[in-house]
Structure formats: C-alpha cells, structure tokens
Amino acid sequence: MGLIDLLFGLKSFTHGIHPPYHKDTAGKPIRRLPFPSQLVLPLNQHIGKPAIPLVRKGREVVRGEPIAKADGHFSVPLHAPATGRVRTIELMPTPRGPKSDAIILDVYEGSTQEVLWKQPREMSDLSAEEIIRAIQETGMVGLGGAAFPSHIKLIIPEGKQVDTLIINGCECEPYLTCDHRIMLEHPKALIQGIHYAMRASGASQAVIGIEDNKMDAVEVLRGNLSKGSPVRVEAVETKYPQGSEKMLIKSLLNREVPAGGLPADVGVVVNNVGTLAGLGHLLPEGRGLIERVITVAGPGIVKPGNYLVPLGTPVRHILQQAGYEGARTEFILGGPMMGPAVSAMDTPLTKGTSGLLVLNEPSIEEESNKIWPCIRCARCVSACPMYLNPSMLGQMAAKRKYEEMAQDYHLNDCFECGCCSYVCPSNIPLVQYFRIAKAINREQAT
Amino acid sequence: MSKPTIELRTSPHVHADGDVAKIMRNVVYALLPICAFTIWQFGISALALLFVVTATCLLSERLFNHLSSQPSSLSDWSATITGLLLALTLPPGFPLWMGVVAGFIAIALGKALFGGLGMNAMNPALIGRAFVQAAFPVAITTWTPAFFEGRFSRFIPTTLTPPFLQSPTIGEWVAEVKVDAFSGATPLALQKFEGVQTDILELLLGATAGSAGETSALLILICGLYLAARKMLDWRIPTMVMLGAAVTAGIFFVIDPARYPDPLFVLFSGGLMLGAWFMASDMVGSPVTPLGVVIYGLMIGVITVIIRLFGGLTEGVMYAILLGNAATPLIDQITQPRVFGQQRANK
C-alpha cells in the first residue's frame with residue numbers, strides 16, 4: 001500500500017498513471033440496440049480451445065440454443081444470440097487479430113427474439129463441482145476483457161486454498177462505463193452471482209473493489225447487502241491499472257501475487273462485476289451467454305452510451321446505430337489503454353469486448369507522433385505497476401536482446417498495461433516492443 | 001455513412017501530454033532568469049558569452065546532423081540547454097574565442113560522438129567545460145567582480161581576446177572599475193586559501209565573483225523548483241546532491257570548525273546549486289532506478305565536498321558530476337528495482 005493509503009486511508013497500489021478518464025457515458029442507462037441482420041460468431045471468443053460447432057449450414061436455430069460445444073475442459077460452449085438460420089461457417093476477422101472460424105448467422109427479421117431455450121435449475125441444491133459445471137455450460141468468460149473461461153478461474157488448483165473472492169468493479173480504463181452501469185442497474189444479480197462464485201471457490205469472504213470515481217455504485221451495492229453479509233464493498237483509488245488482478249489484490253488485501261503465479265497462490269480468486277452479474281442472471285435460468293453490455297464512446301461517436309448488444313454484432317452495425325463522424329479515425333474494441341484497434345468493419349463484437357471507441361487521433365504522419373531517442377527520464381520506471389524497468393527493456397529491445405530481456409529483466413512479468421508508453425515523452429512504443437519480444441521468445445521456445 | 005480512413009495503431013491509444021521538446025523547452029525557460037541575472041551582474045560581457053557559446057552549440061549540432069545525414073535536431077532544444085549551461089559555468093570575462101572552442105567540444109565530444117541526444121554518457125556542457133579547464137587554465141580562473149561600473153557599456157578586457165592568444169591580465173582594469181576590496185578570488189578560493197568565509201546572504205543573492213551563472217544560489221533554487229514542480233526535473237537528484245554535500249561538510253565542520261567551512265557555505269557557494277539542479281539532474285546522464293537516483297545524488301554531493309576540501313582545485317562539482325555520469329550505467333545495473341511479486345514472502 002502506498003503513500004496515498006497512509007495519508008488518506010484510500011486503498012491503492014504504488015505507481016500507475018492518471019489518464020483523463022472521459023467517463024461521460026456513466027449517466028447513460030443500458031439500452032438494447034436493434035438486432036443486426038447478420039451475426040458473426042467466432043468459435044474462439046475465449047482463451048483456450050475453440051468451441052466445436054454443433055450446427056451446419058442451413059440449420060435453423062432459436063435464440064439461446066447451444067450452437068457450439070466446449071472442446072474439453074479448457075473451453076466453453078457458444079449459444080445462438082438470435083433466432084435465425086446458419087448461413088455458413090468460415091474464416092472471419094476477430095478482435096484478437098488473426099482470422100478464425102466463425103458461425104455466420106442470418107437473423108430472422110420477423111422474430112420477436114425471445115429467449116426460447118432455457119433449462120431452469122434449483123441453485124440451492126448444487127455442490128461446488130456442479131456449480132462449476134453449470135458455469136461452463138453458460139459459456140461465461142471474463143467479461144472485463146480477458147475472456148478467460150470463468151469456470152476455470154473458480155477451480156482452485158490442488159494444494160491451494162482460497163479465502164477471498166475479489167469482485168473487480170474498478171473499470172480503470174478511460175471511457176468505459178459498462179461495468180459501472182451494471183453495478184447500478186443489476187446489483188441483485190451481481191450479489192447473487194457473488195454467492196454462487198463463493199460457493200464454487202470455497203471463499204469465505206468477498207470484497208467488491210470499486211474505484212472512488214463511482215461512489216454511487218459503492219452506495220447502491222452497500223444498500224443491497226444485508227448486515228452480516230460476508231460480502232463487503234471497498235472504494236479504491238481511481239488510478240490506472242487498478243483493475244488489473246494483481247494490482248487490485250495488492251490494493252484490497254495487501255497481498256502480492258508471486259511473479260508468474262496465480263491469485264490462488266495468495267488465496268484469492270478475482271472475477272469481474274459483469275461476469276458475476278451475468279452468472280447471477282444465467283445460472284438459475286439455465287441459459288447461455290448470448291449478449292453483453294458495451295460502452296460505445298469517444299469523440300467520434302454521435303450517440304454515446306451503454307448498449308446491450310447480441311454477441312457477434314459487427315462493428316459496422318453498432319456504428320450505424322450510434323452514429324459516428326470523422327474522416328480519419330481509429331476504432332478500438334475495449335479501452336484505449338489495452339484494447340486492440342480493428343482494421344475491418346466486419347469484425348464482430350465478442351464475449352471479451354467491453355467497448356467500442358472511436359478516437360480521432362492525430363494522424364500517424366503528424367509531428368506530435370514523432371519518436372525521439374530515449375532520454376532516460378525514468379517516467380516509465382515510476383509508472384510501471386510491476387516495478388519493471390521499461391527504459392532498459394526498451395533499449396534492449398532495440399538491440400534485439402530478447403532472451404536477456406526475459407531472463408534478467410523480467411519481461412514476462414509485463415502484462416502490457418501500457419503505462420510506460422502512455423507516459424513516454426519520446427513516444428517510444430514500448431509496449432509494442434515488449435509484445436514483439438515476447439512473441440519472438442515464445443516462437444523460439446517451441 | 002462516409003467511408004473513413006481507418007488508422008491502425010497498437011495500444012495504448014492515448015498518450016500523456018508533453019514530449020521531449022516540451023521538457024527541454026521548459027528547462028530553457030527555467031534557465032532564462034539565471035541568464036538574465038548574470039547579465040545584470042556582469043553586463044554585456046556575460047551577454048556576449050551566453051550568445052556566442054549557445055550559437056556555437058547550435059551551429060555545431062546542425063553541422064553534425066548534416067555530417068551524419070540526419071534531420072535537424074535543433075527543435076528538440078537540447079543543444080540550446082547545453083549552450084546556456086556551458087556559458088553559465090564559465091567566468092563572465094571568458095575570452096569569446098575560447099567559448100567557441102568550449103561550445104564546439106561540448107557538442108562534438110560530449111554529444112555527437114556518441115550519437116546525439118540520449119546517447120551521450122556524460123553531460124555535454126561539462127565535457128566542454130572540462131576541456132577548456134585543461135586547455136586554458138588561466139582564463140578559466142580569472143574572475144571579475146560582480147556589479148562593476150560601466151558593465152553595460154564596455155566589455156571586460158579579457159572577453160575580446162583575439163583568437164589563439166592568451167587573455168591579458170586584468171589587474172589594472174579591476175583597479176580602474178573601482179570595486180572595493182576585490183581580491184580576484186571566488187568565495188570558494190577565499191575560503192580555501194585564505195580562510196575567509198563569505199557571508200551566506202551574499203552567496204544567496206549572488207553579489208560575489210564566480211562563474212557567470214553560479215552566483216545566486218537562491219535564484220537557481222527557485223528556477224530548479226519551478227522545473228521540479230512541473231515534473232520536468234527529478235527533485236530527488238538535487239535533493240540528494242545537497243544532502244550528500246551538507247552531511248559530508250557537516251561531519252568535517254564538527255571535527256574542526258576552524259579549518260573546515262560550515263555546511264551552509266558549502267551548499268550555497270560555487271557551482272553546487274547550478275550543478276545539482278541543472279546538471280546532475282540531466283536525465284540522460286542520471287540513473288533511472290529509484291535507488292540508483294539516491295546513490296547517484298549522494299555520490300555527487302560527497303565527491304564535490306571531498307574535492308573542495310582536499311583536492312588542489314577550489315571547485316569539485318564538475319568532476320563530481322562527470323564521475324556520477326560515468327558511474328550511472330553501473331549504478332543502474334546494480335539497483336534494478338524489485339519486481340512486483342518477487343523476493344517477498346507472502347502472508
């Protein structure tokens with residue numbers, strides 16, 4: 001815990017940055033967007049093995065029905081986000097970069113789009129294993145952006161014990177407000193989901209960590225908790241990357257996840273608020289994850305807001321609905337610090353996409369993007385939440401000493417939060433250097 | 001919906017305000033009051049020196065850009081800083097032709113040789129000064145009184161020394177401008193060789209002899225604090241330099257107050273302030289690690305005092321900073337920060 005905590009009693013981690021937050025959509029209630037005429041559903045919307053299609057070209061599906069099954073344990077199924085007909089299965093662009101196999105679904109325009117496929121269950125009877133299996137069946141992944149299968153997170157590795165479930169309501173990325181809205185509008189589902197996750201993981205207490213720029217959410221959640229509840233709500237400092245697992249655990253519990261380790265190593269499981277609110281809805285109804293809330297914002301958007309969108313909705317459709325302007329522009333899926341920019345308007349929204357931002361940044365050719373030599377100002381060193389030395393790493397990357405970077409300078413502890421690139425007065429694309437270095441190291445290892 | 005040009009970039013897509021040029025420009029702004037003060041103290045000789053040295057640095061920078069087929073780097077303002085800082089470390093009556101030599105060497109040997117901004121191991125201004133200190137030992141220790149009469153209408157005689165000639169003696173001229181009791185020595189020399197300690201208030205305000213820009217400790221402090229407040233200077237470095245110097249001086253002062261100067265005198269005399277705030281803190285030559293910064297600063301402070309008290313020279317800041325610069329890669333190497341989640345037992 002840092003100086004701030006000592007002085008003001010506010011929980012936080014050391015280092016990090018304070019970018020302008022632009023949380024202008026925080027007051028915009030969640031609204032449903034009209035269905036697009038076509039959905040693109042990549043089979044690898046999650047980390048792990050891609051799902052295996054259960055449908056073939058021409059097959060009619062109803063909204064909510066499973067259309068792909070999990071390929072083993074480290075995988076999740078996929079459900080039809082709309083009633084319609086499978087047009088084909090082919091390679092399509094995805095937010096994560098490479099094209100991958102996707103089910104393309106023609107949406108029936110006349111349909112009321114009611115969820116017609118569900119298998120309600122009595123939750124109170126289920127054991128921890130059964131809850132975990134039920135979570136896998138929902139197809140739930142980390143909705144904060146990581147898209148890590150939620151059931152895997154809740155399985156505690158052998159020999160480890162978890163005492164605390166942390167619920168991540170930080171939403172530290174600028175612009176994004178979808179988690180904020182979920183906390184305000186669905187506190188009951190969220191708390192329900194927290195109880196399921198506690199039962200699945202065996203945690204005896206739960207802490208909801210929320211940045212102190214969302215005190216209304218803190219109040220709402222506190223108001224929904226009964227006295228003596230094992231769940232408590234804590235405000236943490238508004239600082240990027242507060243919402244990173246390791247930082248949040250440090251802030252709330254003052255425990256440091258060992259380098260290369262998992263939260264379970266310090267007795268913690270972390271889940272995002274959107275994920276648990278989703279589980280709170282889906283588990284009792286026995287439904288799958290078919291839609292999510294995203295924040296559509298940025299200077300280029302005409303009608304910014306928080307929208308409930310079926311998975312697989314192409315970027316083009318969202319932009320048509322929300323309207324955008326600007327001749328030269330950049331589309332980002334997720335937050336501006338870590339989200340990838342998309343190159344194709346057909347790229348679909350996937351389970352891990354928390355936002356669509358349209359930024360009108362200065363063009364790449366402009367003077368303000370000039371890259372200067374590193375002047376060793378050490379701003380990156382003071383910003384890195386992992387206490388790495390990005391300045392040194394950057395200079396080594398320029399010399400292609402990739403192996404040395406990993407062995408002697410802890411390259412693999414970098415989680416690419418982007419703080420170093422953000423503060424660099426020389427505009428050196430440090431994070432990109434590190435991504436390349438890691439990729440090359442991975443390639444050479446295999 | 002018009003067809004936009006989609007730009008692709010890697011995250012992060014937002015960036016903090018300010019770039020290298022802005023930092024450097026602000027350092028120049030912070031140096032300007034010090035330059036103005038020195039001109040007020042020493043008149044047109046100081047103005048000419050500042051101008052000639054800075055112009056030489058800029059021209060040299062441009063020349064080396066040209067020789068290495070690089071675009072002009074004048075717009076990053078770093079050569080301007082080198083020029084101003086170098087001029088401020090020279091005696092106000094320093095012959096202008098020697099100033100040209102100093103400026104050229106500063107850029108050529110101090111910076112261009114290593115590959116320009118960010119690549120240089122040591123502070124270019126101090127490389128320039130070290131060179132002329134060795135080359136022109138008399139000229140660089142010829143001090144003139146501050147606030148002499150007629151300083152805005154005529155040059156100090158040494159200023160206009162023709163190229164490649166040694167500077168004339170200034171004894172007669174000093175008598176002529178009638179500054180009372182001017183011994184031709186800086187407060188440091190007075191203290192070291194004659195045991196006369198200059199009043200602290202005079203040091204703070206700068207009514208003493210010395211290098212062009214090193215005489216008003218108070219003004220330097222204010223300008224440095226401005227930069228630190230704007231986060232364009234690492235306050236830890238000057239603080240540690242001053243701490244190192246004060247503690248070292250304090251130890252000797254306690255041992256023998258008659259022989260050694262008191263710590264306040266050490267802090268406010270000579271080039272310590274200018275060195276601590278504007279040269280030791282030069283980002284390029286200082287460590288980046290939190291612990292490294294502390295070691296580096298303390299080291300410069302301690303070495304400065306040791307040279308002053310026990311060396312043959314009256315002033316040691318320059319060599320102390322150059323030594324600190326030289327040690328920086330090593331300091332960085334051995335003070336790598338503890339990575340999050342390492343070497344700490346978890347509860």
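Predicted model: local features only at pLDDT ≥ 70, side-chain atom pairs only at ≥ 80, totals over all residues.
View 1. A:Pro66 has A:His79 in S6(A) opposite to it. The open sheet that holds these strands has the order S3-S5-S6 (chain A), with antiparallel pairing. Strand S3 (52-53) and strand S6 (78-79) of chain A are its edge strands, and each pairs on one side only.

**View 2. An open sheet of 4 strands in chain A.** The order of the strands is S2-S8-S7-S4 (chain A), and the pairing is antiparallel. Strand S2 (38-42) and strand S4 (60-61) of chain A stand at the edges; each has a single partner strand, so one side of each is left without a neighbour in the sheet.

**View 3. Domains 1 and 3 of chain A.** The domains of chain A are domain 1 (3-27 + 119-285), domain 2 (33-118 + 288-359) and domain 3 (367-445). Taken over C-alpha atoms, the centres of domain 1 of chain A and domain 3 of chain A are 29 Å apart. Contact between these two domains involves 11 residues of domain 1 of chain A and 13 residues of domain 3 of chain A. On the side of domain 1 of chain A that touches domain 3 of chain A there are 7 nonpolar and 4 polar residues, and no charged residues.

**View 4. The side of chain A that touches chain B.** In the contact between the chains, 54 residues of chain A meet 39 residues of chain B. On the chain A side, strand S15 (328-333), helix H13 (419-423) and helix H14 (430-445) of chain A are the elements that give two or more residues. The largest share, 5 residues, comes from S15(A). By class, this side of chain A has 32 nonpolar, 14 polar and 8 charged residues.

**View 5. Helices H1 and H3 of chain B.** Helix H1 (residues 20-42) of chain B packs with helix H3 (residues 78-89) of chain B at an angle of about 25°, and their axes are 10 Å apart. The angle makes H1(B) roughly parallel to H3(B). The crossing of H1(B) with H3(B) is left-handed. From H1(B), the residues B:Met24, B:Val27, B:Val28, B:Leu31, B:Ile34, B:Cys35 and B:Thr38 meet B:Ser78, B:Thr80, B:Ile81, B:Leu84 and B:Leu88 in H3(B). The residues of this contact are 9 nonpolar and 3 polar, with no charged residues.

**View 6. Helices H5 and H14 of chain B.** With axes 10 Å apart, helix H5 (residues 124-135) of chain B and helix H14 (residues 317-334) of chain B pack at an angle of about 130°. H5(B) and H14(B) are therefore oblique to each other. H5(B) and H14(B) cross in the left-handed sense. In their contact, B:Leu126, B:Arg129 and B:Ala130 in H5(B) meet B:Met318, B:Ile321 and B:Leu322 in H14(B). By class, the residues of this contact are 5 nonpolar, no polar and 1 charged.

Notes
Residues numbered from 1 in each chain as written. Chains lettered and ligands numbered in written order. Domains from an automatic or database assignment. Contact = placed C-beta atoms within 7 Å. Nonpolar A, V, L, I, M, F, W, Y, C, P; charged D, E, K, R; others polar. Pairing = 2+ DSSP bridges. Axes fitted to C-alpha atoms, helices over the stretch in contact; angles between N-to-C directions. Parallel < 35°, antiparallel > 145°, perpendicular 65-115°, else oblique. Left-handed = near helix turned anticlockwise from the far one by under 90°.
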